[in-house]
Amino acid sequence: TVTFGARKYEAAPGDLTRNILGFFAGSNTSCSRAELVSRWGNEAARREDKLLVFPSALAETEFEKLLLRSVFCLVPDGHWPATARLLPLVAKGCVPAIIS
């Protein structure tokens, strides 16, 4: 179970089904990130478009569980031109979609 606020997202133990089209979780440190949250950080985007966008970072274990369920991981620009999360998401099999 992955919990964010009052919401819980369930996945069967050991289930590596990639049922999330796009995933992002991170702080709002750029215009790109603000736009991601504004457009897709809602229940309709999760349900209809299979996009899971969180307005802040998640705990590492929750983040890794969602990486395993995601096809694409959105990597928008932020404070730095590079992100420390790029290698872990590729290692979990999530295709990075870099947004700048």
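## Burial and overall make-up

A residue counts as buried when its relative accessible area is under 20%, as exposed when it is over 50%, and as partly exposed in between. C73 has a relative accessible area of 2%, so it is buried. The model is a predicted one. Of the protein's 100 residues, 30% count as buried.

The secondary structure comprises four helices and six strands. Along the sequence they follow the pattern β-β-β-α-α-β-α-β-α-β. Among contacts with a separation of 6 or more, 66% are between residues 24 or more positions apart.

Four strands form an open sheet in the order 4-3-5-6, with parallel pairing. Strand 4 and strand 6 (95–99) are the edges, and each pairs on one side only. Neighbouring strands are turned against each other by 20° on average, direction ignored. Helix 1 packs on this sheet and touches strand 3, strand 4, strand 5 and strand 6. The direction of helix 1 makes about 125° with that of strand 4.

Two pairings can be followed in detail. Strand 3 and strand 4 run parallel and are joined by four bridges. Here G22 stands opposite L51 of strand 4. Strand 5 and strand 6 also pair in the parallel sense, over five bridges. V75 stands opposite I98 of strand 6.

In soluble globular proteins, nonpolar side chains tend to be buried together. The largest nonpolar core in this model has 13 residues. F23, F54, L58, L66 and L67 touch the most other members. Strand 3, strand 4 (51–54), helix 3 (60–69) and strand 5 (70–76) each give two or more residues to this core.

## The disulfide

How many disulfides are there? The count comes to one. It joins C73 to C94, with an S to S distance of 2.0 Å. A disulfide is a covalent bond between the sulfur atoms of two cysteines. The torsion about the S-S bond of C73 and C94 is about 110°, so this disulfide is right-handed.

The pair links distant parts of the chain, 21 residues apart. C73 belongs to strand 5, while C94 sits in the loop between helix 4 (86–91) and strand 6. Another cysteine, C31, has 70% relative accessibility and counts as exposed.

S30 lies in the loop between strand 3 (20–25) and helix 1 (31–40). Its relative accessible area is 15%, so S30 is buried. Which residues does S30 touch, not counting those up to four places away in sequence? They are D77 and G78.

One of its polar atoms lies 2.8 Å from the backbone oxygen of D77. A polar atom of this side chain also lies 3.2 Å from the backbone nitrogen of R33.

W40 is part of helix 1. At 32% relative accessibility, W40 counts as partly exposed. Leaving aside neighbours within four places in sequence, W40 contacts A45, D49, L51 and V53. W40 and V53 are 13 residues apart along the chain, and their C-alpha atoms are separated by 6.1 Å.

K50 lies in the loop between helix 2 (43–49) and strand 4. K50 counts as partly exposed, because its relative accessibility is 44%.

Definitions and conventions. Residues are numbered from 1 along each chain as its sequence is written. This is a predicted model: local features need pLDDT of at least 70, side-chain atom pairs count only at pLDDT 80 or more; totals for chains, interfaces and linings use all residues. Side-chain values use heavy atoms; hydrogens and water are left out. Buried means under 20% relative accessible area, exposed over 50%, partly exposed in between (1.4 Å probe, protein chains only). A polar contact is a pair of N or O atoms within 3.5 Å; within protein, one must be able to donate a hydrogen and the other to accept it, and residues adjacent in sequence count only if both atoms are side-chain atoms. Contact means heavy atoms within 4.5 Å. A nonpolar core is a set of buried Ala, Val, Leu, Ile, Met, Phe, Trp, Tyr and Cys residues joined through side-chain atoms within 4.5 Å. Two strands pair if DSSP finds at least two bridges between them. Axes are lines fitted to C-alpha atoms, for helices over the stretch in contact, and angles run from 0 to 180 degrees between N-to-C directions. A disulfide is a pair of cysteine sulfur atoms within 2.5 Å.
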